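Hi there,

I am passing on the structure we talked about, followed by some notes on what turned up in it. Please have a look when you get a moment.

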Amino acid sequence: MAVCSKCGGNGVYERRYSGEVLCANCFKASIVEKTRRTISRYGMVKFGERLGVAVSGGKDSLSLLKVLDGLNQDSRFQLVALTVDEGVRGYREESIAHASDLTRQLNIEHVVVSYEGLFGFSLDKALDWKDEREISSCSICGVFRRRAIDEAALKAKVNVVATAHNLDDYAQTFLMNLLHGDVERIGWLDPAYVDESFPVRRVKPFMEIYEEEVALYAYLSGIPFQSVSCPYMHEGLRGEVRDYLNEMEVKHPGMKNVLLKSSLSVVSRLSPAETGHHSVPCITCGKPSSGGTCNVCKMKEVVRQHVKYGE
Ligand SMILES: [Zn+2]
Ligand SMILES: [Zn+2]
């Protein structure tokens, strides 16, 4: 490969959408700088705030923790790692160990909560009814994980939670909402919107970085890749949308960046700040919902019908 466009060192990566060739150090520095710009563009973190980082222990979230720690050498904010143990035997132990290793190495406070402790059942138990299940395992788990992160955030007393969603995740979610006809949800993707009824803000500092670049950052930084994947993984439509976007990017480098820009433009017009579709308290648990009973309470009821407690 050609030499690094920035320092003349050994090139390891060609950024096709910009035409740059980068060496390992300049590439890693570019990821840190891109993240810093995203945080500053959307005012994601304010001086002196406690910033929770949702760390599953996968390569994306470990990379996010490392990048944020690198950006925080002047202690502008306080970092806390938040981990949710969904309770998947033979799978979660490894990633939770990776999360503990990195937080210890970086000397970052680490708060772990579990589905078992919060909801009374592990994911293994919640999914232990295979017949006639119409909801995918990832939809069931996703609803509980979001709430669990909120609970971990309250426990850790953080002001804001950063998740490792990257540009690909963002663009996929945007397209999936379009394909599902879920226009209201598109507005929720507004990075500048703060829902006052949620106790903590949510931010995505990697939302302007390609998935493959996060993966390369992890690899070049020696971040461990988990050897097994979640046994319940069911990607469905998201997997198809991911493949489609990757094919388009190969044929037309930079197309994902363009899609992000278009999405942001649409999102800002559909933002609850514009439409007034704010969340309202769930009639059962009082947490924010789009109306009536929240998804967590609905899903708990579905699980309760199938899980026999105390067995
Ligand atoms: Zn270089
Ligand atoms: Zn509820």
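Which helices do the buried residues of H13 pack against? They pack against helix H4 (115-119), helix H5 (123-126) and helix H6 (137-155). Two residues are in contact here if their C-beta atoms, placed from the backbone, lie within 7 Å. Helices (H or I, at least four residues) and strands (E, at least two) are DSSP runs, numbered from the N terminus.

Before you read on: this is a predicted model, in which local features need pLDDT of at least 70 and side-chain atom pairs count only at pLDDT 80 or more, while totals for chains, interfaces and linings use all residues. Residues are numbered from 1 along each chain as its sequence is written, and chains are lettered from A and ligands numbered from 1 in the order in which they are written.

Back to H13. This helix spans residues 295-306, 12 residues in total, and reaches 17 Å from its first C-alpha to its last, close to the 16 Å expected at 1.5 Å a residue (1.5 Å times one less than the number of residues). Its buried residues are Val296, Met299, Lys300 and Val303. They lie on the same side of H13 because they cover an arc of only 105 degrees around the axis, taken from the directions from the helix axis to the C-beta atoms. Exposed Glu301 and Gln305 sit on the face turned away from that buried side. Buried means 20 or more other C-beta atoms within 10 Å of the residue's own, exposed means 12 or fewer, and partly exposed is in between.

Now the sheet. Five strands make an open, parallel sheet in the order E5-E4-E3-E6-E7, where pairing requires at least two DSSP bridges between two strands. Strand E5 (109-114) and strand E7 (201-203) are the edges, each pairing on one side only. E4 (residues 78-85) is joined to E5 by six bridges, and Val84 has Val113 as its bridge partner in E5. Helix H3 (residues 92-106) packs on the sheet, touching E4 and E5, with its direction at about 170 degrees to that of E4 (axes are lines fitted to C-alpha atoms, for helices over the stretch in contact, and angles run from 0 to 180 degrees between N-to-C directions).

Lastly, Ala24 belongs to helix H1 (residues 24-41). Ala24 counts as partly exposed because it has 18 C-beta neighbours inside 10 Å. Beyond its neighbours within four places in sequence, Ala24 is in contact with Val12 and Leu220.

Best wishes
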